[in-house]
Amino acid sequence: MRLAMLALVSGCVTGLRVTTAASVADGSQAPAFALPDQNGHTVALADELAHGPVVLVFYRGYW
Amino acid sequence: MRLLAISADEPHDSRLFKMMMRIWFPLLSDGDLAVSRVYAGETSDVNALPGVTIIDRSGRIVFRQVASAKDDRISTADLLAAIDRTLGTHGPDVTNRGFAAIERAQIRLDAGGGIVTSGHTSGTGVASLAGLFPIDRYLLVGPRVGFEPRDAPLDAELELIARLPIWHDAGAIELAADGGYSIFDDRGPTAAARAGLWFAVSPTWSVQLDGGASWHEHGTVGAFATLGLARLFRIH
C-alpha cells in the first residue's frame, strides 16, 4: 500500500511547464466527475462521497 | 475513506498496472485530462501534474498538494498525516485494507457450554446468532437469538456491547448486556451479561471468546463460555 502510494505520488515533472493550472482551491466544493475504472465501470465522485471522505491521487500513468 | 488514483491511462493499461503493483484501490482513466486539469493542472507534455486532493464527506476540498518540480512530491507519511489532520482519522484506519470499526456490521455465531441451575445444577450447551451494528467506535447494538436446549430453547434478545478497541482496531475487549424474552413455551423475560475478547482475523472475518452469565425469570441461572466466528460487512 505505502509503496504503491509512493510510486503514484512521486511522478517526475522535471523540465515540464505547467500549461493549465488547477482551478479548484482549498475550502471549495469538489467539482463532480465520473470516470471509468480499470474494468470500465464508471466511478462517480458523488457516489464515493456517499460512503465517506475521498482522497484523489493524480499520477502520470504507467509507462 | 476511499482512495481513487487518476491518470490519462486507458482502463486496459490501468488494469495491468494494478495487477503488477498489487494496488487495491481503483485506477480511474481520465483520457482527455478533463478532471486532472481542474484538480491538479496540465503540463506541456499533455499529461497531468501529479498531485493529491483530500475531500471531506461533505464534498469540500480540505487539502491539496500539486507537484511543481522533480523533488516536490508529498511523502506517504506526509500524505497520511494530512489525511489524519484534515479528516480526524487515525493512520491504521487509513492504511488498513479492511475498514474502520464504525463501518463494520457483524453477523456472529457463538457456541459453547456451561452450567444451568434451577434447584439442581447441570451442564448444557449454548449457541447464539447475532446481528450487530456500530453506533460509534465503542458501541454495538443488535438482536441476538439464543439456544440452550435444557431450559431456554429459544431466547430473543436485544444486545448492547461496549467495546474497547485494542491493536489499532484489529481487536477489542467487549462487555455485553442482553435483555429479552424466552419465547419458546412462553418462559418469560431473560437477561444476560458477557465479557469477551474479539479479534479481526481478516478484513471480513473475526473470532471472539466470551464468558458470561444468564438469568431467566422462570427460575434458571446459568454461566457459560463460548467461542464464535463473525462475518464483517461494510455498511458505510
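Modeller: Let us start with one residue: Leu33(B) is buried, because 21 other C-beta atoms lie within 10 Å. A residue counts as buried if 20 or more other C-beta atoms, placed from the backbone, lie within 10 Å of its own, as exposed if 12 or fewer do, and as partly exposed in between.

Biologist: What kind of model is this, and how are its residues and chains labelled?

Modeller: The model is predicted, so local features need pLDDT of at least 70 and side-chain atom pairs count only at pLDDT 80 or more, whereas totals for chains, interfaces and linings use all residues. Residues are numbered from 1 along each chain as its sequence is written, while chains are lettered from A and ligands numbered from 1 in the order in which they are written.

Biologist: Does Arg22(B) count as buried or exposed, and why?

Modeller: Arg22(B) counts as exposed because it has 9 C-beta neighbours inside 10 Å.

Biologist: Which residues of helix α1 of chain B are buried?

Modeller: In α1(B), residues 11-21, the buried ones are Ser14(B), Phe17(B) and Lys18(B). Seen down the helix axis, the buried residues of α1(B) fall within an arc of 100°, so they line one face of the helix; the arc is taken over the directions from the axis to the C-beta atoms. His12(B), Met19(B) and Met20(B), on the other side of α1(B), are exposed, and the buried residues pack against β2 (27-29) of chain B.

Biologist: How many helices and strands does chain A have, and in which pattern do they follow along the sequence?

Modeller: Chain A has two helices and four strands, which come in the pattern α-β-β-β-α-β. Of the 63 residues in chain A, 27% are buried.

Biologist: How many residues of chain A are in contact with chain B?

Modeller: Two residues are in contact if their C-beta atoms, placed from the backbone, lie within 7 Å. By that rule 50 residues of chain A touch 62 residues of chain B. On the side of chain A that touches chain B, α1(A) gives the most, with seven residues. By class this side of chain A has 29 nonpolar, 15 polar and six charged residues, where Asp, Glu, Lys and Arg are charged, Ala, Val, Leu, Ile, Met, Phe, Trp, Tyr, Cys and Pro are nonpolar, and the others, Gly among them, are polar.

Biologist: In which sense do β1(A) and strand β3 of chain B pair?

Modeller: Strands pair if DSSP finds at least two bridges between them. β1(A) and β3(B), residues 41-43, pair in the antiparallel sense over three bridges, and Val18(A) has Thr43(B) as its bridge partner.

Biologist: How many residues does the largest nonpolar core have?

Modeller: A nonpolar core is a set of buried Ala, Val, Leu, Ile, Met, Phe, Trp, Tyr and Cys residues joined through C-beta atoms within 7 Å. The largest has 34 residues, and those with the most contacts inside it are Leu56(A), Val57(A), Phe58(A), Ala5(B) and Ile6(B). Apart from that core lies another, of five residues, including Leu140(B) and Ile161(B).

Biologist: In what order do the eight strands of chain B close into a barrel?

Modeller: The order is β7-β8-β9-β10-β11-β12-β13-β14 in chain B, with antiparallel pairing. β7(B), residues 104-118, pairs with β14(B), residues 221-234, over 14 bridges, and there Ile115(B) has Ala223(B) as its bridge partner. Eleven bridges join β13(B), residues 205-216, to β14(B), with Val207(B) opposite Leu229(B). The hairpin of β13(B) and β14(B) has four residues between the strands, and in this hairpin Gly219(B) takes a positive phi near 125°.
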